[in-house]
Amino acid sequence: MNNMSPEVALNRISAELRPLLCSVVRNGRVGLDSTNCLRVTDLKTGCSSLTPGPCCDRFKLHIPYAGETLKWDIIFNAQHPQLPPDFIFGEDAEFLPEPSELPHLVHWDAENPESLLELVKEVLQQYHHYQCQRLRESSRLLFEYDSLLEEPSYGRNMEVYAGRKNTWTGEFSARFLLKLPVDFSNIPVYLLKDTALDPGEDVALLSVSFEDAEATQVFPKLYLSPSIEHALGGSSALHIPAFPSGGCLIDYVPQVCQLLTNKVQYVIQGYHKRREYIAAFLSYFGMGVVEYDAEGFTKLTLLLMWKDFCFLVHVDLPLYFPRDQPTLTFQSVYHFTNSGQLYSQVQKSYPYSPRWDGNEMAKRAKAYFKTFVPQFQEGAFANGKL
Amino acid sequence: MAASISGYTFSSVCYHSANSNSDHEGFLFGEVRQEETVSISDAQISSAELLQVIEIHNHDPCAQLFSFYDFAGKVNEENLKKIIKERRRNVIGWYRFRRNTQQQMSFREQVIHKQLTELLGVPDLVFLLFSFISTANSSTHAMEYVLFRPKIRAEFFDKDGVMKDIRTIFQVYSALQDKVQAVCGEVEQSERVREKIQEDVKKLKQQIALRKRKTAEEERRLRDAQNAATNSTPEEDTVPSVVTLLSRVSFHAPSAPERPNTSPNRPSYTDLLSQDDSLLSSGSPPTSAALLPRPQAVGSPGHPPPGPLGMSLGINSNPIPTPTTPYLGNGDGSSSDSLDRQAAGQEDDEDEEEEEDDEEDEDSSEYENLVSDAARFTMVSSSVFSQGRPASLSPDGDARGSQTT
């Protein structure tokens, strides 16, 4: 009954209501958090037990909103599928939207499969207004809200959840979920397609929780869509600054935006820099290039010869190149180690400067190879066996 | 609060609900009565308990859903009337039956309930919710019911969620504050006017005193001159006056001798003159102050209607129209006592009825009042002198001398 896959839910629902639920479950993205789709659970029927199935006409809809999950009951009547649904708003017993603000309810069209999804979106919008009204209980938080609202880039993509943390103490808390206006469009495509999940929309969400009405305990958290997170180096790579005590969202949010934008810029630049580096190496080493990563430009392998000694050089370019130095792995083509691997030596520090351009780096690398290869050769002969 | 439903009504509702293949709704008819229980025990004399009992007598199921409301949940009054017909007065609530749902009023039910309470005029309309759950193998079914009496808070809360009562109280408070501020302003203004008038009065009094002194000096000089003259020969111009005075004196004093100059009892005309002088002049300062009618503050809020008070003291209780004691207050015309002003009112009414309109007129400008007051004073002083024998006061307020008519 719980946590069923969408397909199972669709099979159990009454045939006439199936298209409505279909569009909700398959395409339903309401709100800012589009990574979490709408879930349907607890399918029940309003018909008598003698009615043959499938005849489920009522269910619980889970809607992600401002970091919370709203659980609303939606009630249809399978015997009268043309009638509009009714709602029970669960814990939000005081939430009562104005029917006139729900055009898809007033002009309910059972023939349109999108009707339910559109109605849910309208109700959610009213819920958002209701939560914003509740912010009035704290003038501090209301100020935060109003100041954000004035900025169209933030104000239009904001979800607010204002709830009582503790019914005994009556401590007031609120959470703001903001979609950050950061442009991810220039991130190289290769970085984005490695995720197993459907990447969906590239989005960065900032969630700021105010645990008390006076804004002394503030907890920000950054949520990135999986592809973006991967492109930027994983969750560990992104640390947002702590919320300054006595600060406001209208100052803090642009800070985080800027940080994120910088990171994105860095990644984009890194890609271009790597491409430049590899292009330079290609022109310097020409036939010596064995293979290279033509998509992400992260790897390059060279086969070089020095005084009849052939060796391979594997170059690994890190994500934050040119800030981070590429790793050079020298590998002998003749010698093996005890474990059966080709003898290799890794060099992480060698003359390098991030300010060099690709050509300069290739030139210096060549020079370095010349100085280092004798050592390597000795080592290979000494430690490896043929 | 308690609710009761007869067995057959309840079973009828269950029957209709269980046999419907969808959600089901209808209306409840009955009455609401108050039960008062008075319990007497040894510990206390009596205690009364009030219990409101909602009795459901019968129900009327609706033939179909959305029969009296539309998709938006707006109740159609015509359709409602058709369903309820003539039993409108007996409607105490409505009910809904829905399977496998939470025991909580839904969105549309709340919208409809609000409208029904308004349309039917029943603020305590109840909502009976039946829900039905079955076991997985349909072996056991349960019919649960909950009675709701939602408090329609619309009239208590305005759209901002602030209790209307509190808002009203705040409004009253702020209106009161404004009013108090306005009154304070008015009082301040009137006080200023009063101050100004008092200043003027002071000035005028000083002027009067000055003038009196001058007159006194002149008369003294005259007297001296006359004394010098009578010591030698009686002058023509003074004789008639002396004679008149003497004749007056002889009339008043029955034991007066025939020949004025011989009897020792007979007051000498010098004495008479001085006496007249004393009578004519202001005399003792308190008396002079007493002779001056108390000025009234124009526009004073504490100014009482002068009529009744003046009348009672002046005519009914005391045949002699005497000003009351407060006159002797400070002697310089200033007063902080409203009673003084009252006294002033009386005196003014008695003596100068023709000037009353000035005192009543509070809207006239300060300047105008001052001018008219000044005019009044001059007229007052002249009238005082012309009366000849105004009453002179002793400290305890008794009038001595002749009475004014």
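Start where the two chains meet: 24 residues of chain B and 32 residues of chain A make the contact, with contact meaning heavy atoms within 4.5 Å. Keep in mind that this is a predicted model, where local features need pLDDT of at least 70 and side-chain atom pairs count only at pLDDT 80 or more, while totals for chains, interfaces and linings use all residues. Side-chain values use heavy atoms, leaving out hydrogens and water.

About 2400 Å² is buried between chain B and chain A, with carbon and sulfur atoms giving 55% of that; buried area is the accessible area (1.4 Å probe) that two parts lose on being put together, summed over both. On the chain B side, Asn21(B), Phe71(B) and Phe107(B) lose the most area to chain A, together 30% of what that side buries.

Which piece of chain B gives the most to the side that touches chain A? That's helix 3 of chain B, with 6 residues. Helices (H or I, at least four residues) and strands (E, at least two) are DSSP runs, numbered from the N terminus.

Stepping back, chain B as a whole has 11 helices and 8 strands. Of its 405 residues, 34% are buried, that is, under 20% relative accessible area (1.4 Å probe, protein chains only).

Notes:
Residues numbered from 1 in each chain as written. Chains lettered and ligands numbered in written order. Buried < 20%, exposed > 50% of the residue type's maximum accessible area, 1.4 Å probe, protein only.
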